[in-house]
Amino acid sequence: MAFEDENTMFDHSENGTLAEFHREFEAALKQLKGELGQTYPNYISGRAVNGSGTFDSISPNDATVVVGTFQKGTRDDARKAIRSAKRYFPKWAATPYMERVKIIRKLGRLVRRDKYLLSAALTIEAGKTRAEASIDVDEAIEVDHRVVLDRDTEKLADDTLDGVLRWSS
């Protein structure tokens, strides 16, 4: 399976289906707007951790929109998170290359599946235009593919991914 770069908005523009792009984007915005304003914990070692207080993240597009309420992490939280990352890194480093490829490729599939939601989130949270947000998410999909594979392993990795897709479908 050959990889092709993602160019979501550009492709819709070139194919005369830009209205479809905007419908998908609007549906994603509608879904996200129903989820705004929640309070989120920090996570350290996979466990929810409350901080020393909270702060609201406000949308740069609309100062009345609270994206979410987030924890104020402490220095101790940061130290614990760094210790946790150092503790778990050897396990990741010992994971066979092709297993890591499977994991990263699964991430890429999830990003591709949710690209309109992720793009919409960037417009709300970071104030990006639809075009900028779409390009950023498309680039993330491309990085997933290019970072984990080099020219010598692409065929093997794609064959492995085909098996993972069949197994996880």
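Buried means under 20% relative accessible area, exposed over 50%, and partly exposed in between, with a 1.4 Å probe and protein chains only. The model is predicted: local features need pLDDT of at least 70, side-chain atom pairs count only at pLDDT 80 or more, and totals for chains, interfaces and linings use all residues. Numbering runs from 1 along each chain as its sequence is written, and side-chain values use heavy atoms, without hydrogens and water.

View 1. Helices are DSSP runs (H or I, at least four residues), numbered from the N terminus. Phe21, Phe25, Ala28, Leu29 and Leu32 are the buried residues of α2. They fall within an arc of 100 degrees seen down the axis of α2, so they line one face of the helix. The arc is taken from the directions from the helix axis to the C-beta atoms. Arg23 and Lys30 are exposed on the other side of α2.

**View 2. The largest nonpolar core.** Such a core is a set of buried Ala, Val, Leu, Ile, Met, Phe, Trp, Tyr and Cys residues joined through side-chain atoms within 4.5 Å. This one has 10 residues in all, among them Met9, Val67, Tyr116, Ala120 and Ile124. α2 gives the most, with 5 residues. In soluble globular proteins, nonpolar side chains tend to be buried together.

**View 3. Phe89 in helix α3.** Phe89 sits in helix α3 (residues 75–94). Its relative accessibility is 52%, so Phe89 counts as exposed.

Technical notes: Helices (H or I, at least four residues) and strands (E, at least two) are DSSP runs, numbered from the N terminus.
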